[in-house]
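Please keep the sequence and the model in view while reading.

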Amino acid sequence: MRAGHFHLRVAIAAVIFAAAGLLSASHARAIEMSREVSDLYTSVSIYPPSAGSMTICYGFVCRRRHAFDFTPADKAALTKLLAAGKASAAAERGAVQKAVVWWDRRVGPVLGTDKRIANADFRYFDDKHNFDCWDTTRNVTSLLLIIQDWGLLKHHTVGNPRYRGNALVLQTPHNTAVLLDRATGTEWVVDMWTRGYAQLPDVKPADQWVKEN
């Protein structure tokens, strides 16, 4: 091989490598989040979501986990779903519900969570097919953060997770992901744990949700 050809190939390889590195860096770009949201990930020692990927928690309190990368087709599907909610905050919350169902259907066959049930916890002895409320809080928050990072939320931002559980009134401990209405400041829960596979998650004011059992 001639020296000139060798150096040309080296130069081309360097350009390709650099371009791949830039794409990888863009794909893994960190998403800004509050300390309360960040704690969802540090508490179970997983990476927070990036611009194009998330760690899916399942198996109860993230004892099972799966690295999921969103494809261009995935982004296109979510963009279409969220575009239908631009008219109003209520419409956007409806679009978010459909986005969560889309995600549930997308990952269910991959993880085996297409067999999941509502309100699952360790008493059902089927961790490999289910989420508990800790898993759904992390997963839905991750999905919402990515949707927000893509610029698909017009009327809301991702809020801090909410918790409930008053032993004095026999209220069962529970937690959920939250959307914050930009105009009113109202917190809206996005709670998929109380629904079965591919069912619309509960979306309601957090002040109402926190009083329920």
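Asn119 lies in the loop between α4 and α5; helices (H or I, at least four residues) and strands (E, at least two) are DSSP runs numbered from the N terminus. The model is a predicted one, in which local features need pLDDT of at least 70 and side-chain atom pairs count only at pLDDT 80 or more, while totals for chains, interfaces and linings use all residues. Residues are numbered from 1 along each chain as its sequence is written, and side-chain values use heavy atoms, with hydrogens and water left out.

Asn119 has a phi near 60°, a positive value in a residue other than glycine. Most residues other than glycine have a negative phi. Asn119 is partly exposed, with a relative accessible area of 33%; buried means under 20% relative accessible area, exposed over 50%, and partly exposed in between, for a 1.4 Å probe and protein chains only.

Val96, Ala99, Val100 and Trp103 in α4 meet Asn139, Val140, Leu143, Leu144 and Ile147 in α5, where contact means heavy atoms within 4.5 Å.

The strands come next. Strand β6 (residues 187–191) is mostly covered, since four of its five residues are buried. Strand β5 (residues 174–181) pairs with β6 in the antiparallel sense over four bridges; two strands pair if DSSP finds at least two bridges between them. Within this pairing, Ala177 stands opposite Val190 of β6. Five residues separate β5 and β6 in their hairpin, and Gly185 in the turn has a positive phi of about 80°. On to strand β7 (residues 202–205), which also joins β6 in the antiparallel sense over four bridges, with Asp202 of β7 as the bridge partner of Asp191. Ala198 lies in the loop between β6 and β7 and has a positive phi near 65°; Ala198 is buried, at a relative accessible area of 16%.

Finally, Arg93 lies over the face of Trp188, at 3.6 Å from the ring centre, and the charged end of Arg164 sits over the ring of Trp209, 4.4 Å from its centre. A charge sits over a ring if NZ of Lys or CZ of Arg is within 6 Å of the ring centre and within 35 degrees of the ring normal.
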